[in-house]
Amino acid sequence: MRLKKQQKNPQSSGRNGRTFLLLLALSTMLWYVAKLSYTYDADIPVRVSAEGVKFKVQCHVEGTGYQIFLYKYLNPIHLYVKMDDLHTSPSRRTEGALTPDRYTLQDMISKARSDLKIRYLKDVPDIVPPEGSKP
């Protein structure tokens, strides 16, 4: 008894390849979603507006991957403060500029986003107050 050799259907090999790629993409997405529930450290930019003066501060934060992804890419943090609430001192680097107090600013950001743990602020830039404002 002789067995006949089955011929390959050329259309089925294309379907197998597409199915494999689809399942590979699906498993990669599920793996990524599962990893977002872990706790990570990252640097997130925070935009601060203080009565017309705008500057950006880098915060080193701890939070779940989902929270970090959300605040870093989808919903960046904007903080609006009064200049009186922002404790400042005269700048050592730039004449006529002010340096915001690092710890006061960190406390304000922590209160605005309590779901993230703000570890520390990186470089806090000097700000130049608008004309007519008190130093």
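View 1. H2 lies across E1, E2 and E3 and runs at about 165° to E2; lying across means contact, with heavy atoms within 4.5 Å. The angle is taken between N-to-C directions on a scale from 0 to 180 degrees, with axes fitted to C-alpha atoms, for helices over the stretch in contact. Helix H3 (residues 102-112) lies across E1, E2, E3 and E6, at about 155° to E6. Helices (H or I, at least four residues) and strands (E, at least two) are DSSP runs numbered from the N terminus. This is a predicted model, so local features need pLDDT of at least 70 and side-chain atom pairs count only at pLDDT 80 or more, while totals for chains, interfaces and linings use all residues. Residues are numbered from 1 along each chain as its sequence is written, and side-chain values use heavy atoms, with hydrogens and water left out.

**View 2. The open sheet.** Four strands line up in the order E3-E1-E2-E6, with mixed pairing; two strands pair if DSSP finds at least two bridges between them. Strand E3 (77-81) and strand E6 (117-121) are the edges, each pairing on one side only. On average, neighbouring strands here are turned by 35° against each other, direction ignored. Strand E1 (residues 39-50) and strand E2 (residues 53-64) pair antiparallel over twelve bridges, and Pro45 stands opposite Gln58 in E2.

**View 3. Salt bridges between separate parts of the chain.** The model has four salt bridges, each a side-chain nitrogen of Lys or Arg within 4 Å of a carboxyl oxygen of Asp or Glu. Asp43 and Lys122 meet in one of them, at 2.7 Å from N to O. Asp43 sits in strand E1 and Lys122 in the segment after E6, so this pair ties together parts 79 residues apart in sequence. Another joins Arg119 to Glu62, with the closest N and O atoms 1.9 Å apart. Arg119 is in strand E6 and Glu62 in strand E2, so here the tied parts are 57 residues apart in sequence.

View 4. Asp107 pairs with Lys111 in a salt bridge, closest N and O atoms 3.3 Å apart. The two are four residues apart in helix H3, which means about one helical turn between them. Asp107 is partly exposed at 39% relative accessibility, whereas Lys111 is exposed at 63% (buried is under 20% relative accessible area, exposed over 50%, partly exposed in between; 1.4 Å probe, protein chains only).
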